[in-house]
Amino acid sequence: MKIAIDCRMSGKSGIGTFLDESLPAILDSEHQFVLFGNKSRRISRANVQYIDCSTKTFSLSELMFFPKTLLNAINSCDVYFSPYCNIPGGIKIPVYTTIHDIVFLDIPSLAGFIGTMARKWFYKRAIRLSREIFTVSNFSRNRIMEKLGCRKKINVVYSGIPAYIEREIPSTKKTDSILFIGNIKKHKGLSILIKAYERFCINFQIASMDPPTLLIVGAQENFRTRDKEVIKSIDSLNKTFSSPVKFSGFVDDECLHVLLKQAKVLVQPSLYEGFGVPPLMAITCGTKALISDIPVFKEIYENLPVTFFESGNPDDLAEKLFKIYHDESEIPPFSHNLSYQNTGHLILKTITSKN
């Protein structure tokens, strides 16, 4: 079988990670592939034809003026797979797409009315044009069915641990740092964490101790442009408690791996996720994870060694953070089958068994 795959998001976080981590398991097969994307991400394999493509995703050019030579190459294949819900105009072969979550429909304030409607149009178009849909949790599957009225088959292919997290690295000593991995969007819950962390710091102040560092992974400039109120809260907290909140700046995979190993605890205060990989990465690195009790986290992490707090409740988060921070016990042994290799195998099995 010959399979076309959109690789334009390769190298990016989120969707790009899902693609890059699951792709090796897909390509490691007897099938032939036509991949297209950024020339800097070119893949050289005997069973791969890689075509450079600079057409932007979700653009008018993608919908109406997609390169004809590339379309011809795609339509010469047996099936088309996209790691997201964008589909170039002019594809005539069976299509499989991925809808990771519908956060912008469930929380319309994130994108405003026009932005929400635009996303809804793309979701519905993907459902209409796809033979089947992939998603990353039963929670997302249920939301897609309910909110978009999807009657197509939705295959749950869970996300997993990035390969670099499972590599051996030199012995890394634990620090007192508390780690947050995410962005400034409201559904990530950073504002809840900052409120809780202020209460957490007061306990140290009462004991005449300096509070541990809250390390936010990312560049402060990127956060500053997204939510000025959160930045104001951080600035105020830093003045009160002698700069306990820091930004890591840009970090590559190797550096993130080290930060996860060093941290005493990772906090994932999300109000909404389609899956949520960082807690899985943390506990794999031997770092405790304190996470909100949102439905998808209950689905993914119910039987894993994490601590839940009441979603949206900074008092409960502060109390649990203080307790877990002072708990010197190690994470107990655990097992799971959440891997991107499994993700890739499930995607390939679904595509090839139906065509």
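Student: In which loop is serine 270 found?

Tutor: This is a predicted model, in which local features need pLDDT of at least 70, side-chain atom pairs count only at pLDDT 80 or more, and totals for chains, interfaces and linings use all residues. Residues are numbered from 1 along each chain as its sequence is written, and side-chain values use heavy atoms, with hydrogens and water left out. Helices (H or I, at least four residues) and strands (E, at least two) are DSSP runs, numbered from the N terminus. Serine 270 lies in the loop between strand 11 (265–268) and helix 11 (278–284).

Student: Is serine 270 buried or exposed?

Tutor: Buried means under 20% relative accessible area, exposed over 50%, partly exposed in between (1.4 Å probe, protein chains only). Serine 270 is buried, its relative accessible area being 0%. Leaving aside neighbours within four places in sequence, its contacts (heavy atoms within 4.5 Å) include His187, Ser292 and Phe297.

Student: Which residues are buried in helix 6?

Tutor: An α-helix has 3.6 residues a turn, so residues three or four places apart point the same way. In helix 6 (residues 138–148), the buried residues are Phe139, Ser140, Arg143, Ile144 and Leu148. They cover an arc of only 130° around the axis (taken from the directions from the helix axis to the C-beta atoms), and therefore lie on the same side of helix 6.

Student: What covers the buried residues of helix 6?

Tutor: Among the elements covering them are helix 5 (112–129) and helix 12 (295–301). Glycine 149, with a positive phi near 60°, follows helix 6.
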